[in-house]
Amino acid sequence: MNKLEAYGHIAAMAIRGELVFPTSVNAALRVQLALDDPECPIDKAISLVLAEPQLAARTVAISNSAMFNRAGAPVITNVRGAIMRIGYQNLFALAAAMVVRSFGSKITDPELRAKAEKLWDHTIAVAALARIIARRVTGVNPDTALFASIVHEVSGFYLLSRAEEFPGLLEEDPENWHAASEEIITREVLRKLCIPEPVSEAIESLRDGFLSIPPETLFDTLLLANLLTPVKSPLQEPERDLPPHSESAIELFIDDEKLESMLAEAKIHAIEMNAALLV
């Protein structure tokens, strides 16, 4: 089975609602669905998090990271305090991170596992940078940018999790024949994971959308983070044809000094996020 056939087969399964997810994803999805309700009582949120020891540990760990712990603030030592500090939206993002990581947990092939780890490094780098770009450039909600970044490569993780069954997925595709199937798979994975529509639309637009001038949307935030991060995705994608003068246009609102500052801050946050999410 070649790459096009493999993508076509998985896309057909996705259309029929037959996506295969690891069993560990279901627990994280239950947490996500509950937290999607802004009226979810804090005690219910705490009980849901405590029911998932990894999520509980990660919640406390990330609440004490530089991203959320202001200088001089006391160290958080319990789930209630951690949730109060980071908020439901970032807790939702942590649950999503569990989902993303779960896709790689059952991979046994060394090459595939290496790709999954590199894709995770890229995901975290984009997430850290997108949150900063949202705050300093585009003005979108930084927490939404963080969440969107964490799930923006989820279809890639899903495909890696199926690649042992469909070796053709790893073949080179210089003519990009699989693009239509990948769009279907991405859309169906995001739908099954109950990703909010504004976030799904921004992620799906990454394939062929173009940066607005000035950048001011969630899509712009994700696109900039992907373009500017030095940590690239290991999954082969054709080089994008950017509009003329795009690089010079970006320099209008992100000069070299500002970019260097944002990349340095993002690198620190990515290290802390990775440590917290691997607890």
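Is E117 buried, exposed or partly exposed? E117 is partly exposed, with a relative accessible area of 36%, where buried means under 20% relative accessible area, exposed over 50% and partly exposed in between, for a 1.4 Å probe and protein chains only.

This is a predicted model, in which local features need pLDDT of at least 70 and side-chain atom pairs count only at pLDDT 80 or more, while totals for chains, interfaces and linings use all residues. Residues are numbered from 1 along each chain as its sequence is written, and side-chain values use heavy atoms, with hydrogens and water left out.

**Helix α6**

Helices here are DSSP runs of H or I with at least four residues, strands are runs of E with at least two, and both are numbered from the N terminus. Helix α6 covers residues 110–138, and its 29 residues should span 42 Å at 1.5 Å a residue, which agrees with the 39 Å between its end C-alpha atoms; the expected span is 1.5 Å times one less than the number of residues. A kink of about 25° is centred on I132, the bend at a residue being the angle between axes fitted to the seven residues ending there and the seven starting there. At the start of α6, a side-chain oxygen of D109 comes to within 3.0 Å of the backbone nitrogen of E111, and just after the helix G139 has a positive phi of about 80°.

**Salt bridges**

Side chains of opposite charge can pair when their charged atoms come close.

| Pair | N to O distance |
|---|---|
| D43 and R80 | 2.7 Å |
| R101 and E117 | 3.6 Å |
| E188 and R191 | 2.9 Å |

The salt bridge between D43 and R80 joins helix α3 (residues 42–50) to helix α5 (residues 79–105), so this pair ties together parts that are 37 residues apart in sequence. D43 is partly exposed at 48% relative accessibility, and R80 is also partly exposed, at 42%.

The salt bridge between R101 and E117 likewise links distant parts of the chain, with R101 in helix α5 and E117 in helix α6, 16 residues apart.

E188 and R191, by contrast, both lie in helix α9 (residues 179–192), where being 3 residues apart separates them by about one helical turn. E188 is buried, with a relative accessible area of 12%, whereas R191 is exposed, with 54%. Elsewhere, salt bridges that share partners join R135, R136 and E265 into one network.

Note on methods. Polar contact = N/O pair within 3.5 Å; in protein donor to acceptor, adjacent residues only side chain to side chain. Salt bridge = Lys/Arg side-chain N within 4 Å of Asp/Glu carboxyl O.
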